[in-house]
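Subject: Handover of a structure and findings

Dear colleague,

Please find below the sequence and structure that I am handing over to you. My findings follow directly after them.

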Amino acid sequence: MALISFFSAKGAPGVTSTAMLVAALWPRQTLLVDADGNGGDLLMRLPSESGLALTQHPGLLTLLPLARHGLSSGVVLDHSQVALGGQQVLVGLETSEQAEASAALWPTLARAFREVPGTDVVVDAGQLAARSGQLSLVQRSDLVVGVVRAEPASVMHMRERLTVLTQTFAALGADAPRIGLVALSGVQRQDEASSAIATVRADFPEVLDLGQVALDPRPERMFHGDPVSRPERTMLVRSGRSLVERLVAALGPAVVLDAGTDRPGDADPTADDPPPAPDAATGQEEPADGIPGGGPADPAADADTGESDEAHGERRLRRERSRKKRWSLR
Ligand SMILES: Nc1ncnc2c1ncn2[C@@H]1O[C@H](COP(=O)(O)OP(=O)(O)OP(=O)(O)O)[C@@H](O)[C@H]1O
Ligand SMILES: [Mg+2]
């Protein structure tokens, strides 16, 4: 199965939120791994499915000691928890000291992550440097995705970091992972995201252009455990879908051909409403990049169709249910 790692060079451009977005929208079941070497965030950001706090046990803290003796692939999910909305998560370590102390075990983890049955693994690697312990996990990924803000300082730091990372990866020869770049920019600022990526690719043409994730604060609150209505109609999720499409394309047939192992919720027979992506309410086609050209993202979705209140209520309930299935984090 696929292993995809997200990292930043400096600052807090949005690695955790972008990894959560991708994990939630991925076409197959995912395990979201918090491997931030500066200490994990997931524990603080999301409650568990039952509404209680996520805990450090089980998590990396309980899985890592087992890695000393090798790991069978099936054991990984035993150490995961289910976050609010249904996302399977592997809670991270609390401190950078714990991460450093466990550096030698990451290669074993990487092997096990690649073999989790029926599950692709999305890693939040946090800030990544040449000496980061989690580099030995990241470099065993199928795809390594840098996250930048479309701002000069963020772009400059990413260029510097890529200089080091591409040298490190080059030593792996044919086993080196591909690198991609995604830029976070304001909702209507896709041009800034494009030019940020173009600036980096001028020096690193082999880096894949993975496009924009919209900076969209209201729906992004769902990644902090807050309720958000109709996230699927927001720029954040539309740009997330576009990113997922690009990632799937970059990963190639391994993901596409095997798409029979869909997320369990996707088979819900009650999910009989049309998918929201082509905007049924406005009749607008969603552009290929997933970011609508203009106008409000969340127009009157329940316009009067002349049906009875009861039928309308039932239709709405079904849609809410199917949305929950499609949107696994919230
Ligand atoms: N797409 C987005 N739209 C709006 N706000 C965002 C988005 N992504 C991230 N943010 C905000 O940016 C801040 C940093 O996000 P996040 O924690 O994901 O970054 P990070 O790179 O993982 O940071 P750190 O290195 O501290 O772990 C948070 O306040 C988050 O709410
Ligand atoms: Mg983070």
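I begin with Pro 47, which, beyond residues up to four places away in sequence, touches Leu 52, Ala 53, Leu 54, Leu 84 and Gly 225. Please note that the model is a predicted one. Gly 225 lies 178 residues from Pro 47 along the chain, and the C-alpha atoms of the two are separated by 6.5 Å. Pro 47 itself sits in the loop that runs between helix H2 (42–45) and helix H3 (60–67).

As to confidence, the mean pLDDT of the protein is 83, with 78% of its residues at 70 or more. Residues 264–305, however, have a pLDDT below 50, although the model gives this stretch 59 contacts beyond near neighbours in sequence. The pLDDT also stays under 50 over residues 321–327, where the model has 15 contacts beyond four places in sequence. I would ask you to read both stretches with this in mind.

Helix H1 is mostly covered, since 11 of its 11 residues are buried; among them are Val 15, Met 20 and Leu 25. Leaving aside neighbours within four places in sequence, Val 122 is in contact with Ala 19, Val 22 and Ala 23, and also with Ile 4, Trp 26, Thr 30, Leu 32 and Val 33. Ala 19, Val 22 and Ala 23 are themselves among the buried residues of H1.

Which residues come nearest to ligand 1? Of the 18 residues around it, these are Ala 12, Gly 14, Val 15, Thr 16 and Ser 17. H1 gives the most to this shell, with 3 residues. At least two residues each are supplied by H1, strand S5 (120–127), strand S8 (208–215) and helix H9 (217–220). By type, the shell around ligand 1 divides into 8 nonpolar, 6 polar and 4 charged residues.

With kind regards

Technical notes. Residues numbered from 1 in each chain as written. Chains lettered and ligands numbered in written order. Predicted model: local features only at pLDDT ≥ 70, side-chain atom pairs only at ≥ 80, totals over all residues. pLDDT = per-residue confidence, 0-100. Contact = placed C-beta atoms within 7 Å. Near = placed C-beta within 6 Å. Helix = DSSP H or I, 4+ residues; strand = E, 2+ residues; numbered from the N terminus. Nonpolar A, V, L, I, M, F, W, Y, C, P; charged D, E, K, R; others polar. Buried ≥ 20, exposed ≤ 12 C-beta atoms within 10 Å, placed from the backbone.
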